[in-house]
Amino acid sequence: MTLSQLLKNTEHSFIKEGDCQINHLTIDSRDMQPNTLFVCASAFNVDRHSFIEQAANEGAVAFIVEKDVEVPTGTIAVKVKNSRIALATIAANFYNNPNIPTVGVTGTNGKTSVTFYVQSILMEHGKKAGLIGTVGTKINNEPINIKFATSTTPDTIELMQIIAHMKKNHVDYNVMEVTSHALALHKVDSLKFLVGVFTNLTQDHLDLHGTMENYRDAKAKLFTLSQNSLINIDDPYGSYMASVATGSVITYSIEKQSHIQAKNITYTPKGSAFDVVMFGESHSFKLPIAGRFSVYNALGAIGASHVIGVPMSVIQSALANLKTVPGRIEKVENTKGLNVIVDYSHTPNSLQIIIQTAKEFTAGNVITVFGCGGDRDAEKRPIMGAIAAKYSDFSIITSDNPRTEDPNKILTDIEAGMVGASYAKEVDRYEAIKQAINMASKEDTIIIAGKGHEAYQIFKDKTITFDDVQIAREIMGEIGYNGTN
C-alpha cells in the first residue's frame with residue numbers, strides 16, 4: 001500500500017513531500033522493517049519524535065509527526081495535528097478498513113464479565129463471536145495468536161490487525177472491553193460500535209486522567225461512537241452517559257425505573273435468580289454466579305443481546321449455563337469445603353462489592369487478602385483499607401504488583417485507612433494467602449482480591465509467575481486440603 005493511500009481521509013500537510021510503498025506500520029522505534037511508516041504518536045512519558053533518525057536507519061521511509069522536524073534525506077515527513085487521531089484512520093486504511101458489528105463495554109468494573117456473557121450468548125445463538133479484553137483475545141473459544149501489549153484494549157495498529165483477522169475468519173460479531181485509556185488515546189476511533197454498554201464509574205486511573213471529570217469524559221466518548229447505548233442508570237454517572245449518547249439509549253437497572261429492570265432477586269452461594277421486566281414484558285433468569293453485581297452485568301449483556309436480535313430463550317439458556325469468568329468471583333475447589341474466592345477487585349468500589357457479596361452467603365467470617373498496585377493511583381490505598389476494615393471480619397494486607405515502589409510503603413499507605421480493624425500485614429503474597437487458609441473454618445469465606453486472572457507478579461527488578469488460584473490450590477494441597485481442578 002502506498003503512503004498516499006494510507007493518508008486517505010486524514011487532515012495532513014507535508015513537511016517533506018513524496019509518496020512511497022509502505023509495507024509496515026508502527027509507533028515503536030524498536031519495531032522496524034524495510035518500508036516502514038513510523039507514527040510519532042503522543043505518549044505520556046515518551047516523545048517519539050526523538051527516535052526519527054534511529055528509525056530511518058532501521059527501515060523507516062516515512063514519518064507521521066506533530067512538529068516541524070528535520071527528517072533524514074530520502075524520507076518523507078507528514079504533519080498532523082494529533083498523531084493518535086491520524087493513526088486511527090491510517091491503521092484502518094492499512095488493514096483495508098475491516099468492519100465487524102461490535103459491542104463495546106466500558107466502565108470501572110464489570111467490563112470483562114459483560115463481554116464474556118455477551119460472547120457466550122452469541123455462541124449459544126450459533127454466531128461466530130470475537131472477544132477482545134483482559135482475559136484474552138479469541139474467536140469463540142480459540143485464542144487469536146496475535147501478540148500485543150498487556151493493556152486491556154490493544155493499541156490502534158494491533159487492534160485493527162485483530163479486527164482484520166476476525167473479518168478474514170468470518171466473525172459475525174466482535175465483543176470488546178473499551179478502557180478510558182483507549183478512548184482518550186483514540187485507539188477505537190475507527191470502529192463502528194453497534195452497541196456501547198456502560199457498567200459503572202468509580203475512582204480509578206486518576207494517575208492517568210487527573211480528575212474524575214476527565215475520567216468520566218473519557219468513558220463517555222464510547223457513547224458518541226455507538227449506534228445504540230446500554231446505560232446502567234442506577235450508577236450516579238449513568239444519566240450523564242445517557243445525555244451525551246448520540247444514538248438510541250436503553251437504560252437498565254435494579255433500583256430505578258428503566259427499560260430493562262431486574263426484580264424479585266434471590267441470592268445463594270451458587271448463584272442468583274431474578275426476573276427481568278423489559279419493555280413491559282417479564283422474563284425469568286438464573287445465573288450460576290453469586291452477587292448483586294453479577295445481576296447488573298447480566299442486565300448489560302441481556303440488553304446488548306436484545307439489540308442484536310438474539311431470542312430471549314437463547315439469552316436465558318446461555319446465562320443459566322455460564323462458566324466462571326477467569327479471576328472473577330472464581331471459586332477454588334478443595335476437599336475441606338473451604339469457600340475460597342479469587343477476584344480481580346482492585347478498586348475501592350469493586351472491593352466493597354465483592355466483600356458485601358461474600359457476606360450475603362457466608363455464615364461465618366469473611367477474611368479478605370488484598371493489596372494495591374505500585375505506580376498507580378495512591379489516593380485509593382487508604383480508601384481500600386477503610387473498606388476492608390468496615391466490611392471484612394479480618395483482613396490481611398499484602399503485595400499486589402508493587403512494580404517500582406517499595407512494597408512495605410504501599411502496605412503502610414493502605415494501613416492508614418484501617419482504623420479499628422482486625423487485620424495483619426504480610427508483604428509476601430504467598431504467605432498472606434497461606435495465613436488466611438490456615439485460620440479459616442468451613443463456614444468462613446476467604447477472598448483473595450486484586451489480581452484475579454493474572455498469572456504473574458511485577459516487582460521493581462523482576463516479574464515472577466504467580467497465579468492466585470494455583471497458589472491457593474498449592475497451599476491447600478500442602479496442608480491436606482488437596483485443591484482440585
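Start with the salt bridges: this predicted model has 14 of them. The count takes a side-chain nitrogen of Lys or Arg within 4 Å of a carboxyl oxygen of Asp or Glu.

**Stop 1: Asp28 and Arg30**

Select aspartate 28 and arginine 30. Their side chains form a salt bridge, with the closest N and O atoms 3.0 Å apart. Colour the pair by accessibility. Aspartate 28 is partly exposed, at a relative accessible area of 25%. Arginine 30 is exposed, at 72%.

**Stop 2: Lys79 and Asp68**

Move to lysine 79 and aspartate 68. Here the salt bridge has an N to O distance of 3.2 Å. Lysine 79 lies in strand 5, residues 76-79. Aspartate 68 sits in the loop between strand 4 (60-65) and strand 5. Lysine 79 counts as partly exposed, with 26% relative accessibility. Aspartate 68 is exposed, with a relative accessible area of 62%.

**Stop 3: Lys409 and Asp413**

Now select helix 14, residues 407-415. Lysine 409 forms a salt bridge with aspartate 413, and the closest N and O atoms are 3.0 Å apart. Both residues belong to helix 14; they are four residues apart, which means about one helical turn between them. Lysine 409 is partly exposed, at 43% relative accessibility. Aspartate 413 has 19% and counts as buried, because the cut-off for buried is under 20%. Salt bridges with shared partners join Arg381, Glu405, Lys409 and Asp413 into one network.

**Stop 4: His186**

Switch to the backbone. Most residues other than glycine have a negative phi. Which value does phi take at histidine 186? It is positive, near 60°. Find histidine 186 in the loop between helix 6 (180-184) and strand 11 (193-198). Is histidine 186 buried or exposed? Its relative accessible area is 16%, so histidine 186 is buried.

**Stop 5: Phe279**

Finish at phenylalanine 279. This residue is not a glycine, yet its phi is positive, at about 50°. Look for phenylalanine 279 in the loop between strand 15 (271-278) and strand 16 (281-287).

Definitions and conventions
Residues are numbered from 1 along each chain as its sequence is written. This is a predicted model: local features need pLDDT of at least 70, side-chain atom pairs count only at pLDDT 80 or more; totals for chains, interfaces and linings use all residues. Side-chain values use heavy atoms; hydrogens and water are left out. Buried means under 20% relative accessible area, exposed over 50%, partly exposed in between (1.4 Å probe, protein chains only). Helices (H or I, at least four residues) and strands (E, at least two) are DSSP runs, numbered from the N terminus.
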